[in-house]
Amino acid sequence: MQFHNFDSEAFRRDSWQQQPMVIRGAWLAWSNPLEPDELAGLACEDEIEARLVIGGAGDWVLEDGPFAEDRFAALGDRPWTLLVQAVDHQVPAVAALIEPFRFVPNWRIDDVMVSYATDGGGVGPHFDQYDVFLIQGLGKRRWQVGKRCDETTELLPHEDLRLLAEFEATDEWVLEPGDILYVPPGYAHNGVAMGDDCMTYSVGFRAPSRAELVGHWCQSLMEDLSSDDRYGDPGLAEQANPGEITAPAIAALHAMVTEAMSDKAAFARWFGEYNSAPKYPEIDWAPEVPLAVADLSKMVADGQILCRNPASRFSFIRQAGGAVLFVDGESYECAGDLSGLAEQLCGTDAIVVDAGSDAQLCLIAGLHNRGCLGFDDEE
Ligand code: SIN
Ligand code: CO
């Protein structure tokens with residue numbers, strides 16, 4: 001599906017990562033994919049990350065889920081917002097909201113957070129470090145955006161919430177169901193529900209920080225480095241002051257580090273695995289009964305449609321002779337006809353596998369039995 005009223009090329013060129021933008025009536029016929037009661041039900045489950053923000057204007061309280069079923073009825077008249085993370089992992093109709101945003105590569109997508117607010121509810125003026133599309137699902141919300149912030153921007157003293165000490169709106173819109181506000185990283189924003197039953201779907205992205213990349217990549221390199229691989233100085237040169245660490249010594253030490261870090265092929269494989277690690281590794285999606293290759297072969301021959309588990313992260317890189325497929329933190333070498341399958345699994349939402357060689361069937365069965373792929377009609 002593609003958005004109505006939206007020029008993806010102009011958006012990528014002029015707005016993405018640069019400036020906020022409102023897209024009105026992006027869906028030809030908008031239909032809210034989740035009922036408020038269903039969201040409340042998810043917020044009561046153990047494995048689901050949920051938060052409740054109660055109050056407003058200088059008096060905010062944060063509670064972490066899971067919540068007791070009667071918690072929401074007991075909140076009284078103070079405005080409140082319930083926020084539930086990664087609802088796309090649980091509800092296929094919410095996962096489908098991501099589809100028109102595929103002009104951004106899948107590896108940059110984080111999850112869809114869903115919020116529900118009563119009249120006047122909101123999470124307060126703040127900024128996020130990532131791009132976000134805020135889709136109005138139900139009811140109305142007034143959104144204000146302000147200036148671009150960074151780590152030096154002053155925050156209110158609060159134990160749990162990162163709220164801005166000062167917020168001055170430079171733009172303001174009232175969003176109705178099916179409207180979208182795009183907010184680039186760092187921009188101050190504040191959304192307040194206008195009336196009860198206000199639901200917002202946040203399609204959130206992610207971008208690794210340099211610190212995270214360097215830290216985790218080095219951690220992974222260290223696992224393979226030998227303690228015998230050490231600085232050496234045969235033919236030691238005489239130096240005038242024994243207290244000096246000379247420039248040649250520094251250059252040799254620095255080269256030990258940069259040489260180890262500069263293997264691009266190893267970096268690509270590490271990054272694919274790292275970036276595809278599941279967001280909630282404690283959730284086990286594996287089917288109770290594994291599927292045998294013979295049964296899979298029949299299903300594929302019948303043209304049954306395969307889908308990625310919306311909670312699974314799939315991506316691939318090209319390499320000489322094929323591709324490497326990354327699924328939920330693991331890599332699969334895909335040479336020959338497997339590389340076409342790897343591309344199809346990563347790039348197509350409803351997957352129909354053509355013939356199905358033994359190697360292809362084994363790959364699909366393995367992914368199915370890890371819970372990363374399922375057939376359309378399976379629960
Ligand atoms: C909300 O849905 O209320 C908050 C989303 C956000 O500001 O990032
Ligand atoms: Co935000």
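A: Gly41 sits in helix α2 (residues 36–43). Helices here are DSSP runs of H or I with at least four residues, strands are E runs of at least two, and both are numbered from the N terminus. The model is predicted: local features need pLDDT of at least 70, side-chain atom pairs count only at pLDDT 80 or more, and totals for chains, interfaces and linings use all residues. Residues are numbered from 1 along each chain as its sequence is written, chains are lettered from A and ligands numbered from 1 in the order written, and side-chain values use heavy atoms, without hydrogens and water.

Gly41 has a relative accessible area of 33%, so it is partly exposed. Buried means under 20%, exposed over 50%, partly exposed in between (1.4 Å probe, protein chains only).

Now the metal. His126 (NE2), Asp128 (OD) and His189 (NE2) coordinate the cobalt ion (ligand 2) at 2.0 to 2.1 Å. Donors are N, O and S atoms within 2.8 Å of the metal (3.2 Å for Na, K and Ca); water is not among the atoms, so sites may look incomplete. The donor spacing in sequence is H-x1-D-x60-H. Asp128, in the loop between β5 (109–117) and β6 (132–148), and His189, in strand β9 (residues 187–205), are 61 residues apart, so the pair links distant parts of the chain. Asp128 counts as partly exposed because its relative accessibility is 28%. His189 is at 3% and therefore buried.

Finally, helix α8 (residues 337–347) has the buried residues Leu338, Ser339, Leu341, Ala342, Leu345 and Cys346. They share one side of α8 because their arc around the axis is only 160 degrees, taken from the directions from the helix axis to the C-beta atoms.
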